[in-house]
Amino acid sequence: MEAKVEVRVQSNPACKQEQAVSPGRLVWNRLRKNKLAVSGLVILLAIAVVSVAGPWCSPYTMESMDFSSRLTGPSGAHLLGTDHLGRDVFTRLMYAGRISLTIGIVAVLIEVIIGGGLGAVAGFYGGKVDGLIMRVVDIFLCLPFLPLLIVLGAILSDFKVSPQYRIYMVMLILGLVAWPVICRVVRGQILSLREQEFMQATEAVGLKDRRKIFHHLLPNTFPAIIVAATLGIGSAILTESALSFLGLGVMPPTASWGNMIQVVNDLYSIQHYSWLWIPPGVCILLTVMAINLFGDGLRDALDPKLKK
């Protein structure tokens, strides 16, 4: 008769199993401890949701005019009053949020595509290729930014580009003028990454240069690109607002926060029609402030020096 031996293994409560945490979870854990960054993210999401979904709930459209209610103050029918054409300011404010946020995001995407690609090529190859790309970057950085945009905006006005297509031209101009900043950031990252051990492994395997750059080097620069792009959105929104205020950016009847402020251009209007310029001004302030707070917090969360 065989004797059955039962072996019981008691777990030691002192030995706790640690769960593996993904890099994304680590970044989120650090980010949510930054109250200012979380506040900025909440404000930004709230503005985005109201701008995207709000017009569907409004009884007015962006171009609805009521000449019997011109320049009326806030009321039950018009929460933020009406402008000089009898259009509802709150509805136009939400439509303008769509335009301003879209211009900022698309302009930064253009910056990332151009600047990221050229910066990766310059950092990887070095030598004459790096020298040529960096001289082009230096030329762009030496140009006066705002005067150049004003000249380009005036050219669009001279060619009488329709307001519908002018939005796309503004996005393209902002992206083409601001890409050198991201190019330098990516180049600096690539110069340090190309000397790492994993790049020596790609040399041993015999991968092509294109695969080394776009599959191994460039993805490792995403944290720096994300931070630069996040802060760049705020800068693009401010620049678009300045151009629209000067009449060189988004043109009426399309609404943006910048050209909504443009209607107030004298002291009397500023004093007596405050509902026309304060709401878009506050939206620009809150949006850019929220983006900067979130961008600073994201930079700290992605900083490798903060890893424990």
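Me: Where does leucine 71 lie?
Reply: Leucine 71 lies in the loop between helix 2 and helix 3. Helices (H or I, at least four residues) and strands (E, at least two) are DSSP runs, numbered from the N terminus. This is a predicted model: local features need pLDDT of at least 70, side-chain atom pairs count only at pLDDT 80 or more, and totals for chains, interfaces and linings use all residues. Residues are numbered from 1 along each chain as its sequence is written, and side-chain values use heavy atoms, with hydrogens and water left out.

Me: How do I read the phi of leucine 71?
Reply: Most residues other than glycine have a negative phi, and most peptide bonds are trans. Leucine 71 has a positive phi, near 55 degrees, and is a residue other than glycine.

Me: Which other residue has a positive phi near 55 degrees?
Reply: Lysine 160, again a residue other than glycine. Lysine 160 sits in the loop between helix 5 and helix 6.

Me: Are these two residues buried or exposed?
Reply: Use the cut-offs: buried means under 20% relative accessible area, exposed over 50%, partly exposed in between (1.4 Å probe, protein chains only). Leucine 71 has a relative accessible area of 24%, so it is partly exposed. Lysine 160 is at 74% relative accessibility, so it counts as exposed.

Me: Which peptide bond is cis?
Reply: The bond from proline 252 to proline 253, with omega near 10 degrees. Proline 253 belongs to the loop between helix 9 and helix 10.

Me: What does serine 58 touch?
Reply: Contact means heavy atoms within 4.5 Å. Setting aside neighbours within four places in sequence, serine 58 is in contact with Thr91 and Met94. Serine 58 is placed in the loop between helix 2 (35–57) and helix 3 (89–125). Its relative accessibility is 17%, so serine 58 counts as buried.

Me: Which side chain makes a polar contact with that of serine 58?
Reply: A polar contact is a pair of N or O atoms within 3.5 Å; within protein, one must be able to donate a hydrogen and the other to accept it, and residues adjacent in sequence count only if both atoms are side-chain atoms. Here the partner is threonine 91, and the contact is 2.6 Å.

Me: What about serine 69, buried or exposed?
Reply: Buried, with a relative accessible area of 16%. Serine 69 is in the loop between helix 2 and helix 3. Leaving aside neighbours within four places in sequence, serine 69 is in contact with Thr82 and Gly86.

Me: How do I read the packing of helix 6 and helix 9?
Reply: Two packed helices are described by the angle between their axes and the distance between the axes. Axes are lines fitted to C-alpha atoms, for helices over the stretch in contact, and angles run from 0 to 180 degrees between N-to-C directions. Helix 6 (residues 163–193) and helix 9 (residues 222–245) have axes that come within 11 Å and cross at roughly 150 degrees. Helix 6 and helix 9 are therefore roughly antiparallel to each other. The cut-offs: under 35 degrees is roughly parallel, over 145 roughly antiparallel, 65 to 115 roughly perpendicular and the rest oblique.

Me: Which residues make the contact of helix 6 with helix 9?
Reply: Helix 6 brings Val170, Leu174, Ile182, Val185, Val186 and Gln189. Helix 9 brings Ala224, Ile225, Ala228, Ala236, Thr239 and Glu240. By class, there are nine nonpolar, two polar and one charged. Ala, Val, Leu, Ile, Met, Phe, Trp, Tyr, Cys and Pro count as nonpolar, Asp, Glu, Lys and Arg as charged, and the others, Gly among them, as polar.

Me: How do helix 5 and helix 6 cross?
Reply: The axes of helix 5 (residues 145–158) and helix 6 come within 11 Å, crossing at roughly 155 degrees. Helix 5 and helix 6 are therefore roughly antiparallel. Residues in contact include Leu148 and Leu152 of helix 5 and Ile173 and Val177 of helix 6.

Me: Where is threonine 221 placed?
Reply: In the loop between helix 8 (209–217) and helix 9. At 1% relative accessibility, threonine 221 counts as buried. A polar atom of its side chain lies 2.6 Å from the backbone oxygen of leucine 218. Beyond neighbours within four places in sequence, threonine 221 is in contact with Val186, Gln189, Ile190 and Leu193.

Me: Which residues does glycine 258 touch?
Reply: Ser241, Ser244, Phe245 and Ile284, not counting residues up to four places away in sequence. Glycine 258 is in helix 10 (residues 257–262). Its C-alpha atom is 4.8 Å from that of phenylalanine 245, 13 residues apart along the chain.
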